[in-house]
Amino acid sequence: MSDIVIYTKTFCGYCVWAKRLLQSKDADFVEINVSGDRELIQQMIERSGGRRTAPQIFIGDVHVGGYDQLSDLETRGELEPLLREAAPAAADPPADDNSTNFQPDQEDAVSDNHRPVIILGSGCAGLTAAIYTARANLKPLVISGREFGGQLYTTTEVENFPGFPEGVQGPDLIENMKAQAERFGAEIMIGHAETLEVAEQPFGVVLEGGARYTCDALIVATGASSKEIGVPGELDLRGYGVSTCATCDAAFFRDRPIAVVGGGDSALEEALFLTKFASKVTILHRRDEFRASPVMAERALANDRIEVVWNTRVKEFVGSSKTGLQAVRTVDVHSGEEQDLTVDGCFIAIGHDPNTAILRGLAIDLDDLGYVKEGDRPLPHTAIEGVFVAGDIHDHHYRQAITAAGYGCRAALDTERWLTNRLMGA
Ligand code: NAP
């Protein structure tokens, strides 16, 4: 039996990302899915020193932690040595393999590192761009980013994506898009682009770990990541009661009181989902009305397991990695009165920041919040010819799965036209 163990949950994006990263290293691991099994949940919490989040990864005697810690090991070049120590045979790279980042199931992997199109990001926008460019025979290479599948991968039911009258689970929708892109020849690899070289053609994309790929056209669809509140205890207690993913962690708070911070659709969706597990859900919102759509607001207000505390900001998360989260210290925005809300878990759902750090320093304008701005040429074109953008990195208005898919389609079609014109010398 392998000495590499990963505790997972069903519908857990981080679990999938962790497994993919281990698979990309040819690591042979044992998966223990704790969904619906209280004993296994308890075993995982005890073995991981109180962490209430999946995945939890153990390599030999080392408790790695969750996906972020696994990914940090990879960034520091420490993952492969650790795997090799735990399972010497399994982690040895195949003798003739110099491109171990590729998924093992890639049949059509091109041996050199040049592609007509590289797409950064594997959310709705990136995968839709992959479907279109693959169908146009442009053999796109999709570089997943740290979080394969983007925001939809940590979502539960998507009720408003056309074509699914009964709704569809976010991870299922993403897996289907991936399969559809692969069917037409897209390559999807787990990796994180660190630097772009776009001063001249061909463009270069350098990944964490140093691998370098080149392309004629680049579609940047790196999406957005959860915002932090920025208060004491928030980061220290991540995984010890503070979470940004109800789908991943809700089951670890069965019959316990929890809080949700935020007043948008995401917060209310998380709160409603959490009522299936928690004894009580308290929504902490900084204003006196929700930003969420009326239908979500109505559902949340009608749910007798949900209480809303209006006009309240979070000041601090109280607790430690030993005790777990003990309370959320709040402050009333009008009176300034402080209170400790005793909860075992708190889910933060206050929106997202665009993942545009990789574009900083390039000739692509970003607005004050970091979104890509429209320049002289209309989006999806950017100021750099041959570099296109799609999805939440420029869209701070709609931010829906369907609009992200639409933006991915638009970027792919314009990329194809741009490449054709270039070939024709236009
Ligand atoms: P959002 O709409 O931007 O809402 C963010 C919420 O967090 C707001 O209520 C905001 O308060 C609050 N907030 C922001 N910063 C805060 C801070 N530092 N401390 C405390 N509270 C803070 O973000 P979202 O809910 O993630 O939704 C993003 C987009 O996705 C929206 O277009 C939404 O419609 C869409 N979405 C749709 C669905 C669905 O259709 N089922 C589900 C999820 C998301 P204020 O209200 O005071 O600004």
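Asp265, Ser266, Arg286, Arg287 and Arg291 come nearest to the ligand, out of 17 residues around it (near means a heavy atom within 4 Å). This is a predicted model, where local features need pLDDT of at least 70, side-chain atom pairs count only at pLDDT 80 or more, and totals for chains, interfaces and linings use all residues. Residues are numbered from 1 along each chain as its sequence is written, and side-chain values use heavy atoms, without hydrogens and water.

**The shell around the ligand**
- The shell divides into 9 polar, 6 charged and 2 nonpolar residues.
- Helix H9 (residues 265-274) gives the largest share of the shell, 3 residues (helices are DSSP runs of H or I, at least four residues, numbered from the N terminus).
- Domain 2 (114-225 + 353-424) and domain 3 (242-350) each supply at least three shell residues; the bounds come from an automatic or database domain assignment.

- Ser266 places a polar side-chain atom 2.6 Å from a ligand oxygen atom.
- Glu269 has a polar side-chain atom 3.1 Å from a ligand nitrogen atom.
- Tyr398 uses a backbone N or O atom, 3.3 Å from a ligand oxygen atom.
- Alone, the ligand exposes 910 Å², and the protein buries 81% of that (Shrake-Rupley method, 1.4 Å probe).

**Confidence**
- The protein averages a pLDDT of 90, and 94% of the residues score at least 70 (pLDDT is the predictor's confidence in each residue, from 0 to 100).
- Residues 90-111 have a pLDDT below 50.
- This stretch, 90-111, has 34 contacts in the model beyond near neighbours in sequence (contact means heavy atoms within 4.5 Å).

Notes:
Polar contact = N/O pair within 3.5 Å; in protein donor to acceptor, adjacent residues only side chain to side chain. Helix = DSSP H or I, 4+ residues; strand = E, 2+ residues; numbered from the N terminus. Nonpolar A, V, L, I, M, F, W, Y, C, P; charged D, E, K, R; others polar.
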